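Please keep the sequence and the coordinates in view while reading.

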Amino acid sequence: MVLKKITNLRRNSFLILFRTFLRTNRKRFFLTILTASLIFILLTTFSIVWYNNREQAFQEYHQRSDWYDDAAISAYRSTVTSGEPDYSLSDITELLSSMKSTLNSIAPNLMTNNYSWLYAFQVYENQYNPILNNAYGYYTISDVMYELILGNLISGRMPTNMSEVLYYTESASSPIFEINDTVNLNTAGTMYPITNQQVTIVGIVSNLDVLFHQAGYSADIPNWEDYIDHEEFDEFKLKGKFISKQEFFFEFINNFPIVSSIKGIAIDINYNDLALESKELIHYFEEFSDFHGSWNRFSPFLDLSTRLNSYHEYWLQETNRILLLSLPIIFLLFLLIFDISNIDKKVFEQSILLLKNQGLEDKRIRKVILLEKSLFIFGSIFMGMLLGTIIGLVILSITWKSVIAMNIFAGLGESLFIIPTVILMLALYIGGYLFDNKLLKTLNRSKSELFKKQRTKRIKKIFTFIEVILLLPSSLCIGIGFLGLFLSYIGDWSPVTNYSATILFTSLIYFGFLVLGIIIFLLISKLVVKLWSIIGKKIWVLKKNLFTFSLKNFSMSYMPFRNIILSLMIFALAITPGLILNKSYPRHFEFESELRSGYSDLVISDWVANQTIRESIMAIDEIEYSAEVSKCCFELLIDPPLYTRIQVSILAINNITEFIQIISSNDFIDELYCSLEDIIALEINNTYLMDYTYSKNNGYDKDKILYIDDFTSTYYERFPLNYIASFKSFPLLSLPDNGKMFQKNIIQYNLVTNFNTLTQIKSVAMTEPVEEETYLLLKIEDNANLTTTKEQIYQETNLNAFDKEHFAEQINFPFIFWKQNIAILNIILSIMILCMFCYFLARNVYLQRIKIIESSTRVGAAKSQLLLSFLFEFIVASFVPILISIGVGLGLLAILMPMLFDFPAPYANFSWGRNWLYIFLIFPLELPLLLTYFIGLFPQIRNYKPIKEE
């Protein structure tokens with residue numbers, strides 16, 4: 001019982017002492033809580049708003065896409081069949097039923113009855129012979145899609161029995177077969193006897209992709225082919241495609257005594273996007289990974305899983321960039337908290353001495369400090385989350401499309417909020433404890449120990465333990481980041497090959513360099529302070545005036561300025577992205593939309609090179625010029641050890657003169673960095689233009705020969721091309737991403753040729769391009785109505801024409817503007833934080849300069865003179881650091897912009913010649929800082945009363 005009373009007494013006495021400790025340090029305690037809560041306010045607000053905008057962007061991402069024209073099939077199965085035939089439509093219906101139940105178990109109503117399908121066999125003309133290239137595709141489709149063909153035959157009629165087929169040609173101007181041609185078809189491989197059935201071409205059809213898409217069916221289905229390496233069925237190229245009605249198709253196949261061929265089933269689904277939720281992405285990925293390999297060689301939901309994965313990777317990448325963009329602000333807030341911790345430092349020391357005088361050992365005093373830090377962290381998080389939630393709600397109510405659809409607290413349960421919160425909480429808790437414990441140790445030192453510490457070597461005063469501590473994590477981050485990227489680059493054997501890991505390693509490199517930069521800034525700040533202190537001591541001896549008096553004061557007491565100088569250097573890293581992006585983003589969007597539209601007013605992207613249709617388009621009054629261009633992409637895989645994939649995009653201009661008419665009046669023509677004369681020179685066959693980066697890195701110059709085996713591995717003859725010039729950008733060609741930060745083992749470059757040269761390249765290459773597109777570029781009259789012209793084109797040709805606004809909408813994804821808005825917000829927040837720095841700096845300076853103020857007033861100095869000398873001192877202390885930091889910030893932005901903001905530097909319009917004037921922002925940026933410093937200093941000096949008057 002006595003022991004319990006003693007324990008309670010000790011506990012009560014401890015609490016009394018703790019309350020006394022808090023009362024004596026209440027200003028410092030509440031100011032640090034207020035400042036630290038700013039970090040959690042920003043984090044909470046960002047998490048709430050970001051999560052809800054992610055959901056909105058997720059829905060917009062799907063709405064902007066077309067499941068039926070995305071160059072992807074939802075699901076397919078290609079199998080080698082052998083034996084007596086017994087095929088029916090149940091193969092399709094059973095798969096569709098299974099897919100529907102599976103999809104709807106993942107997300108209710110994800111799969112509706114809106115889908116397209118194709119059933120295919122590989123058939124051969126007589127006996128299969130890959131050398132003769134005699135493989136054909138024999139297809140059937142749903143009855144509704146089949147009926148659509150009836151009114152869109154190029155010539156002939158529909159089949160009436162199993163021996164009649166439609167011939168589907170992708171080139172309506174030059175079909176391989178004509179009406180009434182007969183072909184002997186076989187479904188058995190080389191090991192089986194030939195059993196032919198004859199079919200007759202009774203109808204010819206083309207442009208089924210356009211036809212189906214306009215009717216609400218898949219444009220990807222009719223052009224689907226699957227290439228298989230299995231036993232005797234080597235990779236094949238279809239010579240042609242036949243289409244028949246379902247009943248005739250199965251009758252034809254089942255009529256063979258033996259079938260040894262490739263059977264293919266392709267299904268394209270129009271998913272219900274509203275059933276998908278971004279917060280369930282991880283769940284979807286887990287479900288999809290379970291399907292692959294468990295459906296008997298059937299690959300399900302390829303387009304859905306690919307699109308969701310692409311969105312997820314893009315979201316991770318954008319989130320990562322925005323967080324990296326905000327890191328300088330976090331560092332500034334940490335410095336501000338540290339600076340506020342020095343407020344009333346003497347009062348804090350006295351409170352510690354009070355505890356020691358009451359008989360508390362250092363061990364119990366540390367418990368007091370730990371308890372204070374616990375209350376500090378709890379108060380900061382509580383206030384930050386409360387105010388952050390309110391601010392987030394206000395922002396969402398203004399910007400969110402539907403307030404009812406908002407999920408306010410969902411973002412607070414995401415790792416995006418939890419992980420940074422835990423890291424920041426631990427950093428504040430541990431850092432605050434170490435700082436206060438250091439003060440406690442200082443109070444325990446004798447005067448001789450303190451005097452000895454002051455006599456340390458100058459190099460130790462500049463490079464202290466803080467820099468050593470910071471150097472360790474920065475070195476680790478940079479080393480691990482580069483090692484991870486190297487391992488992911490050197491081969492597929494590496495366990496670190498996924499996209500998310502690449503983002504992580506890149507972020508580690510950026511964070512490491514940022515911390516390393518802060519170390520350098522910290523050293524520079526110490527050198528600047530040391531330099532001005534030396535100058536201040538010497539210049540006061542040579543000449544005595546108000547300015548030299550300011551430098552003298554600085555040399556005598558410069559410690560309060562160290563943090564503000566470091567903060568001013570970090571300040572530039574926070575503000576320069578917003579300054580430049582605000583100018584660059586609008587130009588980037590405009591330029592990018594011009595490139596994607598081919599510098600034309602209207603572009604038909606699914607052009608079929610039909611001259612009759614082109615003549616009807618040119619007959620429209622508003623259209624002045626037109627030009628045909630084709631783009632194809634070859635791929636070449638380089639063997640081990642690097643397994644590098646080379647992707648070459650070739651843009652072929654059909655008529656150079658017509659193309660020049662389209663692009664010559666465009667405002668961005670100078671951005672090509674190749675002259676019109678260089679483009680005109682392409683009229684000579686076997687010539688090419690090459691993108692600047694690749695040509696420069698590989699030493700291409702006039703008359704440099706490029707051989708066809710540089711971009712296709714198999715060819716009939718070695719075909720040379722002659723170099724003309726390079727370009728930095730070109731219409732309809734995306735700028736290759738040569739950085740290895742977000743792209744693994746891929747080398748890209750672009751070529752521009754004429755149409756004849758491309759035709760010859762394709763004729764000697766044994767491998768087909770992996771992608772081929774043909775465009776018709778249109779130039780319309782200046783006063784013409786684009787909407788009306790597009791409608792006329794559709795009425796005449798059933799083809800859709802797209803304008804620049806269409807491509808701009810594809811570029812203007814919400815996350816892009818998030819980066820721009822965050823960058824601009826960083827400017828505002830940085831100035832606010834620096835103003836708070838200056839206000840508390842003024843208070844600290846006044847407290848440390850009481851003796852100087854007293855001695856100066858005794859010799860007759862006016863308060864206005866003292867105030868002016870302190871303002872001079874601030875200008876001297878801040879001018880050089882902010883000048884250095886803005887210069888460094890501009891240079892770093894030029895290097896980091898492609899990684900942080902996801903577009904190449906030429907698009908950003910960044911160059912020293914255009915942006916070096918930003919250095920002069922030092923003068924307008926000094927004004928609010930100087931004003932805040934004045935506001936913090938003026939009342940104290942004005943109210944100062946000399947001791948003799950008290």
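Glu-372 and Lys-373 are both buried in this model, which is a predicted one. The two residues form a salt bridge, and their closest N and O atoms are 3.4 Å apart. Side chains of opposite charge can pair when their charged atoms come close. The count of salt bridges comes to twelve.

A further salt bridge joins Glu-658 to Arg-614, with 2.9 Å between the closest N and O atoms. Because Glu-658 belongs to helix 19 (residues 656-663) and Arg-614 to helix 18 (residues 611-618), this pair ties together parts that are 44 residues apart in sequence. The two partners can also be described by their accessibility. Glu-658 has a relative accessibility of 22% and therefore counts as partly exposed, whereas Arg-614, at 9%, counts as buried.

Lys-631 and Glu-773 form another salt bridge, the closest N and O atoms being 3.9 Å apart. Here the elements are strands: Lys-631 lies in strand 11 (residues 623-637) and Glu-773 in strand 17 (residues 771-780), so the pair ties together parts that are 142 residues apart in sequence. Glu-773 counts as partly exposed because its relative accessibility is 31%. Salt bridges also link Glu-594, Asp-601 and Lys-804 into a network.

Charged groups meet aromatic rings as well. The charged end of Arg-307 sits over the ring of Trp-67, at 3.4 Å from the ring centre. In a second case, the charged end of Lys-728 sits over the ring of Tyr-673, at 4.7 Å from the ring centre.

The next topic is the pairing of rings with one another. The structure holds 27 aromatic pairs. One of them is formed by Phe-46 and Trp-50: the ring centres are 5.6 Å apart and the planes stand at 10°, so the pair is stacked, the limit for stacking being under 30 degrees. Both residues lie in helix 2 (residues 26-63), where a spacing of four residues, about one turn of the helix, separates Phe-46 from Trp-50. Phe-46 has a relative accessibility of 10% and so counts as buried. Trp-50 is likewise buried, with a relative accessible area of 0%. Elsewhere, ring pairs link Tyr-87, Tyr-119, Phe-121, Tyr-138, Phe-249, Phe-250, Phe-252 and Phe-256 into a cluster.

Asn-186 is located in strand 6 (residues 182-186). Its relative accessibility is 1%, so Asn-186 counts as buried. The side chain of Asn-186 reaches the backbone oxygen of Asn-126 at a distance of 3.5 Å.

Attention finally turns to the surface. A nonpolar patch is formed there by Phe-378, Phe-382, Leu-386, Leu-387, Ile-390, Ile-391, Val-394, Ile-395 and Ile-398, which together have about 870 Å² of accessible area. Phe-382, one of the residues of this patch, is placed in helix 10 (residues 362-399).

Notes. Residues numbered from 1 in each chain as written. Predicted model: local features only at pLDDT ≥ 70, side-chain atom pairs only at ≥ 80, totals over all residues. Heavy atoms only, no water. Phe/Tyr/Trp six-rings, centres within 6.5 Å; stacked < 30°, edge-to-face > 60°. Helix = DSSP H or I, 4+ residues; strand = E, 2+ residues; numbered from the N terminus. Buried < 20%, exposed > 50% of the residue type's maximum accessible area, 1.4 Å probe, protein only. Lys NZ or Arg CZ within 6 Å of the ring centre and 35° of its normal. Patch = residues over 30% accessible without salt bridge, like charges linked within 9 Å, V, L, I, M, F, W, Y side chains within 5 Å. Areas by Shrake-Rupley, 256 points an atom, 1.4 Å probe, with all protein chains shown as cover. Salt bridge = Lys/Arg side-chain N within 4 Å of Asp/Glu carboxyl O. Polar contact = N/O pair within 3.5 Å; in protein donor to acceptor, adjacent residues only side chain to side chain.
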